Amino acid sequence: MKPTSPGSPHETIPPGDAFGRLSQLPVIEPDATWAKRVQGLARAGVANARVARRAPARVTWSARLLAAALACGSLVYLRWAVEAAASLYR
Amino acid sequence: MGAPSHQRDSDDQAERAAFARLRTGDPTGFDELYARHHRNLYSFLVRLSGRVSLAQDLCQETWMAFAVKAGGLDPQTHVRAWLLTVARHAYVDQWRRHHRFGDEAGAEDVADFATSALSASPEHGVFLSEVERALFALPLADRELLLLVGVEGLRQDHVAAMLNLEPATVRQRLTRARMRLANLLAPEPHDKGERR
């Protein structure tokens, strides 16, 4: 490898520096039990985030359907409103 | 160096598909990305911090952040660079909060994984374990650059974006970091005297 001069003429990288060998450093294996536990926790985080993203829309729909049920006296709308609210907990 | 281009392309496609699944909330997408990246992320954090227990905490924090935020990320997000960026920020925050995390505190852990380099690669093991120790003896700014570019193989423009620096600055800092690493690994002057 050719020596290079980054800033001043006195700064040179010695030939054959270790930079090229950094990619050969082995991967440090984590403890398998710990890695599984982290995966499980984060996986649960994925499911929670999905619920959290959907919840506001479902709450809105549930409220709209409840309002429609009260306005029309419709049992069908009331049932949909209850189902939409219940789906938040599934 | 590395995998042939067609293999890299199919790897990229598989990764994008997994990420797309995760963004819709499919946990199998998460599993695939975790399987691809958790070892490298862990290695990066152990080498950056020099402490296994701290690396474990930061790793967990990074994966939790990824799990929660993945749905809102851009579909073109470079997952590995994102994970390394978040992990690096988490470490730098810790480092700033607790200046007592000095290099000495991690010295035993470094010795441990430097020795594991020895057993993993008997051919170059002695040299690689010296490289591990020298890396940890460098200032944090040098160490993180060498880890990101040299070990993780990230492109310099990605690293510049991660560190919020100009690409020219990254190039210059990298050159200096390489020089310092090389100097740490250079034989002592008395060794030269013995060879004569």
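Predicted model: local features only at pLDDT ≥ 70, side-chain atom pairs only at ≥ 80, totals over all residues.
**Notebook: helices 3 and 4 of chain B**

I started with who touches whom: B:Leu54, B:Leu58, B:Glu61, B:Thr62, B:Ala65 and B:Phe66 of helix 3 of chain B meet B:Leu83, B:Val86, B:Ala87, B:Ala90, B:Tyr91 and B:Gln94 of helix 4 of chain B. Contact here means C-beta atoms, placed from the backbone, within 7 Å. Sorted by class, that contact has nine nonpolar, two polar and one charged residues. (Nonpolar is Ala, Val, Leu, Ile, Met, Phe, Trp, Tyr, Cys and Pro; charged is Asp, Glu, Lys and Arg; the others, Gly among them, are polar.)

Residues are numbered from 1 along each chain as its sequence is written, while chains are lettered from A and ligands numbered from 1 in the order in which they are written.

Next I looked up the geometry. The axes of helix 3 (residues 52–69) and helix 4 (residues 79–97) of chain B come within 9 Å and cross at roughly 130°. Axes are lines fitted to C-alpha atoms, for helices over the stretch in contact, with angles from 0 to 180 degrees between N-to-C directions. Helix 3 and helix 4 of chain B are therefore oblique to each other. (Under 35 degrees is roughly parallel, over 145 roughly antiparallel, 65 to 115 roughly perpendicular, and the rest oblique.)

I also checked helix 2 (residues 27–49) of chain B: its axis and that of helix 4 of chain B come within 10 Å and cross at roughly 35°. Ten nonpolar, two polar and one charged residues make up the contact of helix 2 of chain B with helix 4 of chain B.

Back to helix 3 of chain B for its length. At 1.5 Å a residue, its 18 residues should span 26 Å, and the end C-alpha atoms are 25 Å apart, which agrees. (The expected span is 1.5 Å times one less than the number of residues.)

Then I asked what is buried in helix 3 of chain B, and the list includes B:Leu54, B:Leu58, B:Trp63 and B:Phe66. Buried takes 20 or more other C-beta atoms within 10 Å of a residue's own, exposed 12 or fewer, partly exposed in between. B:Asp57 has 16 C-beta neighbours inside 10 Å, so B:Asp57 counts as partly exposed.

Last, I zoomed out. Chain B has ten helices and zero strands; these are DSSP runs (helices H or I, at least four residues; strands E, at least two), numbered from the N terminus. Buried residues make up 36% of the 196 residues in chain B.

Key:
Contact = placed C-beta atoms within 7 Å.
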